Amino acid sequence: MLSTSNLSAAQAETYYTHEDYYSAEEAAHPTKWVGKGAASLGLAGVVNQQEFSQMLSAQAPDGRSLTGKVVNPEKRRAATDFTFSAPKSVSIAALVQQDERVLEAHHQAVAKTLSVLEERYAQTRVSTEAGRAKVTTGNIAAAVFTHSTSREAEPQLHSHCVVMNATQLADGRWFSLSNEGAIANQKLLGQIYQNELAVALRQQGYQIEPKAHGQFELAGYSPELLKAFSTRRQQILKLIEKWETTGSENNWAMRETATLVSRKRKPKEVDEGLLQRGWNALIQLKGLELPELPEGSTPAIGDQPSATSVIDAAIQHCGERESVFRRTTLERFVFEHELGVQGFEAIEGAIANSPELIRVADGKFTTQTALNLELDTIRLMQQGQGQVVPIVPSSTQVDSLLSHSLNPEQQNAVEIAATTPDNVMAWQGVAGAGKT
């Protein structure tokens, strides 16, 4: 899933406060700069605190201003945090079972989704003779912080992508980043992440179980296992209390679990050994089992739908409901009905090469089928001209039948309908014009 939140400079600084959990796992999951905007500023590799602070204050590493006007730092949006969180079963496979392939799949999915965000939704506003206009810049500067636990000390693989409030125009000038497009399409971006993650995991031999709204879990991970790592601290403490009152001899498991839970009070640096022992102890306390990991990569399944067939189905579905629809409508249908079947690049290629789609404008499409239907309708209308006997032979007879409550335009519409020799005719009128 994907969640978003705007950050002030003070809020974002906590990502580097060692008393806070954001920085606690830096050794296990190194930070990194991503985006064309970051590259333009020479930002690459591990994020250091000085550069991070400068960017939050709208300053480049060399001290240049990255905003087109003077702003109040206390009121300014310093960055937007796009947080990508893996499904619980994926977190268990990556962190409890320590499958590095799953961790890498998460990183790949985050990187692809950020590249889509950058290409489509990196925008700014500039002044023109016609007024303020939105311009797509196609570049962002983002600091990525990947973590493996929630504040409840449970396995939760997630990446905070701190997208700075700065983007560069083609002429080299820097302006504030407009994030409305990305936030408006938050659900789609989350689905892209889920789809890319599912594709990468299937390639490693995992099977997925699609859920509602483009979500999924890995097959073989029982609801009880997922629930065990999706619970509140107090529920774990009650479990420990129950084992103590029943005189359980499994003191090791209880001690490890209790120590793990107590971390909630003091979110200091994470001890990976403690986490691992606590998680394993909790599994033992609850009498649960972890599924076996797939041994290796599996080749593509032969009967798997092609990207072309997936897009054809999406086009048929969308075209039956609207004559003109957005690209995002197609994509969301694919992610909700064919999750993890094809990667995002293959889906976009199938859209670009579809002979059925006709690009209209502003990311919208119509279809050859819809166009042919309109042409057939026009042809039927033309062929029906002068082909029928009028309902009323002359306008004089119509006049004697018309109600005096009709206004002139309404009377004219009735007269044309009653005396036309054409098979098809149409009225066009605004709401409230009295068409009924």
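## A walk through rings and helices

Start by selecting Phe 84 and Tyr 193: both of these residues are buried. Keep in mind that this model is predicted.

Now turn to the ring pairs. How many aromatic pairs are there? The count comes to two.

For one of them, select Phe 52 and Phe 145, whose rings sit edge-to-face, with 5.4 Å from centre to centre and 70° between the planes. Are Phe 52 and Phe 145 buried or exposed? Both are buried.

Go back to Phe 84 and Tyr 193. Their ring centres are 5.4 Å apart and their planes stand at 50°, so this pair is tilted. Show strand S3 (residues 79–85), which holds Phe 84, and helix H7 (residues 186–203), which holds Tyr 193; the pair therefore ties together parts that are 109 residues apart in sequence.

Next, select helix H5 (residues 100–121) together with helix H14 (residues 344–353). They pack at an angle of about 40°, and their axes are 11 Å apart. H5 and H14 are therefore oblique to each other.

Which residues meet here? Show the side chains of Lys 112, Val 116 and Arg 120 in H5, then those of Phe 344, Glu 345 and Glu 348 in H14, which they meet. Sorted by class, this contact of H5 with H14 has four charged residues, two nonpolar and no polar ones.

How values were computed: Residues numbered from 1 in each chain as written. Predicted model: local features only at pLDDT ≥ 70, side-chain atom pairs only at ≥ 80, totals over all residues. Heavy atoms only, no water. Phe/Tyr/Trp six-rings, centres within 6.5 Å; stacked < 30°, edge-to-face > 60°. Buried < 20%, exposed > 50% of the residue type's maximum accessible area, 1.4 Å probe, protein only. Helix = DSSP H or I, 4+ residues; strand = E, 2+ residues; numbered from the N terminus. Axes fitted to C-alpha atoms, helices over the stretch in contact; angles between N-to-C directions. Parallel < 35°, antiparallel > 145°, perpendicular 65-115°, else oblique. Contact = heavy atoms within 4.5 Å. Nonpolar A, V, L, I, M, F, W, Y, C, P; charged D, E, K, R; others polar.
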